[in-house]
Amino acid sequence: VQLQASGGGLVQAGGSLRLSCVVSGITFSSNVMRWHRQAPGKQRELVALSSGAGTTNYADSVKGRFTISRDNAKNTVYLQMNSLKPEDTAVYYCAVVVGFRPYWGQGTEVTVSS
């Protein structure tokens, strides 16, 4: 199982970014895809998840600002991040759990300046 995340960068507060994660080695459409983030000095936290059928769930801190979506034909999950805040600064990881084992992408860094 391999996950390749991209799309991070430096953005001003109020701006937007879209993260992408291409997945291989699994039946993508059958799996729940997740985005997590880890800010400096903090624990990794779940940001959003998407089932194969498109059901989504979000952390309270990003509800109304972030949108997770997926293209099952491209084995890709996205995280559209709008109205970014400095507290969204973190390394963002895509992830999937297969057979009770988590697999992580390499992380993509998002920095939001005030």
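Glu45 is partly exposed, with a relative accessible area of 34%, where partly exposed denotes values between buried (under 20% relative accessible area) and exposed (over 50%), computed with a 1.4 Å probe on protein chains only. The model is predicted, so that local features need pLDDT of at least 70 and side-chain atom pairs count only at pLDDT 80 or more, while totals for chains, interfaces and linings use all residues. Residues are numbered from 1 along each chain as its sequence is written, and side-chain values use heavy atoms, with hydrogens and water left out.

Side chains of opposite charge can pair when their charged atoms come close. The structure holds 4 salt bridges, a salt bridge being a side-chain nitrogen of Lys or Arg within 4 Å of a carboxyl oxygen of Asp or Glu. In one of them, Glu45 pairs with Arg37, the closest N and O atoms lying 2.7 Å apart; Arg37 is buried, with a relative accessible area of 5%.

Arg37 also forms a salt bridge with Asp88, at 2.9 Å from N to O. Because Arg37 lies in strand E4 (residues 33–38) and Asp88 in the loop between strand E8 (76–81) and strand E9 (90–98), this pair ties together parts that are 51 residues apart in sequence; strands (E, at least two residues) are DSSP runs numbered from the N terminus. Asp88 is buried, with a relative accessible area of 0%.

A further salt bridge joins Asp88 to Arg65, at 2.7 Å from N to O. Arg65 lies in the loop between strand E6 (56–58) and strand E7 (66–71), and the pair therefore ties together parts that are 23 residues apart in sequence. Arg65 counts as buried, at 10% relative accessibility.

Terms used: Helices (H or I, at least four residues) and strands (E, at least two) are DSSP runs, numbered from the N terminus.
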